[in-house]
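Here are some notes to read beside the structure. Please keep the 3D view open while going through them.

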Amino acid sequence: MARIDYVELPSVTAHELTRGFYAKAFGWTFTDYGPDYAATTSGDVDLGLNGQPSEALAAPLPVIRVDDLEAAFDAVMKSGGIIAKAIFSFPGGRRFHFIDPSGSELAVWQTAE
């Protein structure tokens, strides 16, 4: 079943401060994926902090996990979603971004497993 299992927050202006805040406030531990990206890896609903100026959005990015990325891509397009980023690979899987009818941007991902 497709469900939101990840939320990515922009942290461009204060990446290390943001990471430190969540670690101190909630005791969350982060895995680094380069100097500008860190994420929790609890396996429930995880949080990513995107400090990459060229990639981070201005708003939180809900991410939906699916078993078949291509089928989800086709379903989003057929349902009227606008593709914001075509399917691309990243450490751990592949994903795409879309804009829903209200203008919200979301991502859909499939694990590399």
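This is a predicted model: local features need pLDDT of at least 70, side-chain atom pairs count only at pLDDT 80 or more; totals for chains, interfaces and linings use all residues.

1. Strands pair through backbone hydrogen bonds, and the pairing may be parallel or antiparallel. Here 8 strands make up an open sheet with mixed pairing. Across the sheet, the order is β2-β3-β4-β1-β5-β8-β7-β6.

2. Which strands sit at the edges? They are β2, residues 31-32, and β6, and each of them pairs on one side only.

3. R95 has W109, in β8, as its bridge partner.

4. Next come the helices. Helix α1, residues 15-26, lies across β1, β2, β3 and β4, and its direction makes an angle of about 160° with β4. Helix α2, residues 69-78, lies across β6, β7 and β8. The angle between α2 and β7 is about 5°.

5. Now the empty space. Rolling a probe the size of a water molecule over the atoms shows where such space remains. The largest pocket holds about 670 Å³. Its lining consists of 26 residues, and those closest to the centre are Y6, Y33, Y37, F90 and P91.

6. Where does the lining come from? Strands that each supply at least two residues to the lining of the largest pocket are β1 (3-10), β3 (37-39), β4 (46-50), β5 (61-65), β6 (82-90) and β8 (105-111). By class, this lining has 9 nonpolar, 8 polar and 9 charged residues.

Notes
Residues are numbered from 1 along each chain as its sequence is written. Side-chain values use heavy atoms; hydrogens and water are left out. On a 1 Å grid over the protein atoms alone, a cavity is a set of points where a 1.4 Å probe fits but cannot get out, and a pocket is an open set with protein on both sides within 12 Å along at least five of seven lines; lining residues have an atom within 4 Å of a point. Grid points are joined across faces, edges and corners, and a volume is the space filled by probe spheres set on the points. Helices (H or I, at least four residues) and strands (E, at least two) are DSSP runs, numbered from the N terminus. Ala, Val, Leu, Ile, Met, Phe, Trp, Tyr, Cys and Pro count as nonpolar, Asp, Glu, Lys and Arg as charged, and the others, Gly among them, as polar. Two strands pair if DSSP finds at least two bridges between them. Contact means heavy atoms within 4.5 Å. Axes are lines fitted to C-alpha atoms, for helices over the stretch in contact, and angles run from 0 to 180 degrees between N-to-C directions.
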